[in-house]
Amino acid sequence: MPLNAAQLAKLIESQAVCLRLWVRSRCASGEDVVQEAFCRLAVQEPPPENPVAWLYRVCRNLAERQRLGDKRRRERERATCRVEAVPTSEADPLEIAETLAAVEELEDELREVLVARVWGQLSLEEVARLCGVSTATAFRRYEAALKALRAKLETKCENQR
Amino acid sequence: MNEHTLHDPQLQSLEARLAATPLQLPAVEQQQLLYRCAWEAGKKTAGRSLRLWQAATAALVVLLLGMSIPLARDEWLLAALRTPLPVPVEQPHPPVETTPPATLAQDLVPFRTHHSKVLELDAWQLPVPKHSFAEEMAQLASSDPHLRSLTMGTLSREILNP
């Protein structure tokens, strides 16, 4: 039996934006890819053991397929495509916007690891498997992503003063 | 000690801060996405039942064809058996010969004889014996005396009271 609506809604709420960030470097129309992945998850029978890891993997595969099929479109839309997220009641909207902007500026391979680890809450082994690298490489990228993000956020804070 | 652990407290703090930052789609987009997923799930379920019905229909069609072909073949055989006898077509008479020879005419036109058939309308009645009067009298004389007296009585009444 596939996932029920409540489980699906919870996954959409927690992972949709992260998945868009995850596939952003690989394809232009991340929204379509994420939607397709969620639709596939809705009809997946039996549901995967770890739906989050499954979503990340499917999104990456779909994005790769789309990237190969439509390279020119990707270049055109990448310039205008921005991932949007709405602040929740307990979060500062400015802080979220800054964080998102800083994450989007990261290199693709760093951003992938960071998003999957922090918001996807996947283990380093799972992230490494998804990215096709060793666990040590994944950890190195994760550490580098955090350092780069800290540097960017500090720079933005200094500029705002 | 795990080798894949952050040792820098600042990075740990940043990691915790990032994890606590929820990234969510706007509610409208979430609803649209959920609706799309539900639509896909419904389509898959409907497609499954549709395929089931299609398979059942196809099986019935095959069964129907399989049964109707032998029946049609039998019907053709019966129709061939029921072919009407050839009706003689009236040939136009040649203008020259007005009276063909009798033997030739008999050969060309089938001669039909009308046989009169005896219908026994009173089949329930006993057949009337066709004996002579003397034989009947002899039979009467040799019959049972009681029966003979009855017969004579009846004949007398018929003669006297016609």
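## A walk through chain A and its contact with chain B

The contact between the two chains takes 31 residues from chain A and 23 residues from chain B, where two residues are in contact if their C-beta atoms, placed from the backbone, lie within 7 Å. This is a predicted model, in which local features need pLDDT of at least 70 and side-chain atom pairs count only at pLDDT 80 or more, while totals for chains, interfaces and linings use all residues. Residues are numbered from 1 along each chain as its sequence is written, and chains are lettered from A and ligands numbered from 1 in the order in which they are written.

On the side of chain A that touches chain B, the elements that give two or more residues are α1 (5–23), α2 (30–43), α5 (93–105) and α8 (135–160) of chain A; helices (H or I, at least four residues) and strands (E, at least two) are DSSP runs, numbered from the N terminus. Of these elements, α1(A) gives the most, with eight residues. Sorted by class, this side of chain A has 22 nonpolar, four polar and five charged residues, where Ala, Val, Leu, Ile, Met, Phe, Trp, Tyr, Cys and Pro count as nonpolar, Asp, Glu, Lys and Arg as charged, and the others, Gly among them, as polar.

Between the chains, the axes of α2(A) and helix α2 (residues 27–81) of chain B come within 8 Å and cross at roughly 45°, the axes being lines fitted to C-alpha atoms, for helices over the stretch in contact, with angles that run from 0 to 180 degrees between N-to-C directions. That angle makes α2(A) oblique to α2(B), because angles under 35 degrees count as roughly parallel, over 145 as roughly antiparallel, 65 to 115 as roughly perpendicular and the rest as oblique. Gln35(A), Phe38(A), Cys39(A), Ala42(A) and Val43(A) of α2(A) make this contact with Leu33(B), Arg36(B), Cys37(B), Glu40(B), Ala41(B) and Lys44(B) of α2(B), and by class it has seven nonpolar, one polar and three charged residues.

Turning to chain A itself, its secondary structure comes to eight helices and zero strands. Of its 161 residues, 39% count as buried, meaning that 20 or more other C-beta atoms lie within 10 Å of the residue's own, whereas a residue is exposed if there are 12 or fewer, and partly exposed in between.

Within the chain, α1(A) and α2(A) pack at an angle of about 145°, with their axes 9 Å apart. Here Leu8(A), Ile12(A), Ala16(A), Leu19(A), Arg20(A) and Val23(A) in α1(A) meet residues of α2(A) that include Phe38(A) and Ala42(A), and Phe38(A) and Ala42(A) also take part in the contact of α2(A) with α2(B). The residues of the contact of α1(A) with α2(A) divide into 10 nonpolar, one polar and two charged.

Helix α3 (residues 51–69) of chain A has 19 residues and reaches 26 Å from its first C-alpha to its last, close to the 27 Å expected at 1.5 Å a residue, where the expected span is 1.5 Å times one less than the number of residues. Its buried residues are Leu55(A), Tyr56(A), Val58(A), Cys59(A), Arg60(A), Leu62(A), Ala63(A) and Gln66(A), and what covers them includes α1, α2, α6 (108–118) and α7 (124–131) of chain A.

Of these covering helices, α6(A) and α7(A) have axes that come within 10 Å and cross at roughly 140°, which makes α6(A) oblique to α7(A).
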